Amino acid sequence: MLVLLATVTVAYFKRVHTLSGDSRRRVGRLRQVSFASAIFVLVAEPISPLGGWDDLSFTVHMVEHLLIGDLAALLMVLGLTGPLIQPLMRNPVVSFVRPLAEPIPALIMWIANLYFWHLPFAFEGALNSDFVHVIQHICFFTAGFNIWMAVFGPLPKPEWFGNVAKLIYIVVQRMAGVALGNVFIFGGSVFYPTYATSDNPLGLSPVADQSVAGAVMMTEGSLISFVLLGWLFFKAASEGEQSQQLRDLAEEH
């Protein structure tokens with residue numbers, strides 16, 4: 001994973017350097033910082049206490065997945081531009097999977113991935129096998145990257161996918177997470193046997209640990225929803241103002 005992240009980082013900043021001589025295609029500093037922050041989260045997470053406690057506390061494991069599948073994926077997408085990824089679009093593999101980044105397929109994949117990996121047999125499999133655990137993290141990041149790419153990525157969007165559609169889209173996505181979070185909060189029994197017998201580093205009982213994990217999931221989803229919906233409102237207001245200015249200019253001339 002470290003080799004893969006290093007390769008992606010080198011390729012990214014090499015392309016940034018290539019585009020730096022063209023003022024119209026240059027990658028902004030904030031986008032570069034966003035991409036570098038995503039790489040930092042992906043590298044720092046497994047070597048932090050989170051990486052060592054994820055098989056002892058469901059809450060810690062939940063935070064780990066949210067950092068990988070939501071925060072890091074979103075930061076990486078925000079670090080991309082059309083000219084930056086243009087060479088990738090000529091790759092036949094990328095062209096083949098390109099339809100998966102359309103809004104509806106991306107949403108279906110994200111929800112299916114979220115619920116599948118929280119089924120007891122799949123989650124326990126990740127806890128008991130490092131290989132399965134790595135696959136789980138790759139799936140969370142890929143699904144998160146894909147759904148944020150559909151909303152904020154530089155690829156062309158369908159005509160129907162305007163600001164109102166994006167608002168509904170984000171609400172549906174977040175509500176899917178909230179529903180699962182409620183299951184953990186009010187489940188009443190431990191869903192994953194490994195946590196029932198582990199020495200919880202947070203000092204929580206297994207049921208309390210599971211409830212806190214659900215609360216963390218819901219809180220994170222609410223915060224992201226609040227920020228993104230605010231951004232969409234600001235964007236819609238800005239576009240409305242620009243449209244009015246264009247109409248005024250047309251009337252004057």
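Predicted model: local features only at pLDDT ≥ 70, side-chain atom pairs only at ≥ 80, totals over all residues.
Student: OK, so how many helices and strands does the protein have?
Tutor: The protein has twelve helices and zero strands, so that, read along the sequence, its pattern is α-α-α-α-α-α-α-α-α-α-α-α.

Student: And the largest pocket, how much space lies in it?
Tutor: The largest pocket holds about 1600 Å³ of space, and of the 46 residues that line this pocket, V8, M76, F141, T142 and F145 are the closest to its centre.

Student: Which helices supply at least two residues of that lining?
Tutor: They are α1 (2–19), α2 (29–47), α3 (49–53), α4 (58–78), α5 (82–85), α6 (92–97), α8 (120–128) and α9 (130–152), each of which supplies at least two lining residues.

Student: Which one gives the most?
Tutor: That is α9, which contributes ten residues to the lining of the largest pocket.

Student: Switching topic, what does the C-alpha trace span, and what share of residues is buried?
Tutor: Along the principal axes of the protein, the C-alpha trace spans about 75 × 40 × 30 Å, and buried residues make up 39% of the 253 residues.

Student: What about the surface, how much of it belongs to carbon and sulfur atoms?
Tutor: The accessible surface comes to about 13700 Å², and 71% of that belongs to carbon and sulfur atoms.

Student: Last one, how far apart are the mean positions of the positive and negative charges?
Tutor: For the 14 positive and 18 negative charges of the protein, the mean positions lie 16 Å apart.

Terms used. Residues numbered from 1 in each chain as written. Heavy atoms only, no water. Helix = DSSP H or I, 4+ residues; strand = E, 2+ residues; numbered from the N terminus. Buried < 20%, exposed > 50% of the residue type's maximum accessible area, 1.4 Å probe, protein only. Areas by Shrake-Rupley, 256 points an atom, 1.4 Å probe, with all protein chains shown as cover. Lys, Arg positive; Asp, Glu negative; His and termini not counted. Charge placed at Lys NZ, Arg CZ, Asp CG, Glu CD. 1 Å grid on protein atoms, 1.4 Å probe; cavity = no way out; pocket = protein on both sides within 12 Å on 5 of 7 lines; lining within 4 Å. Points joined across faces, edges and corners; volume = space filled by probe spheres on them.
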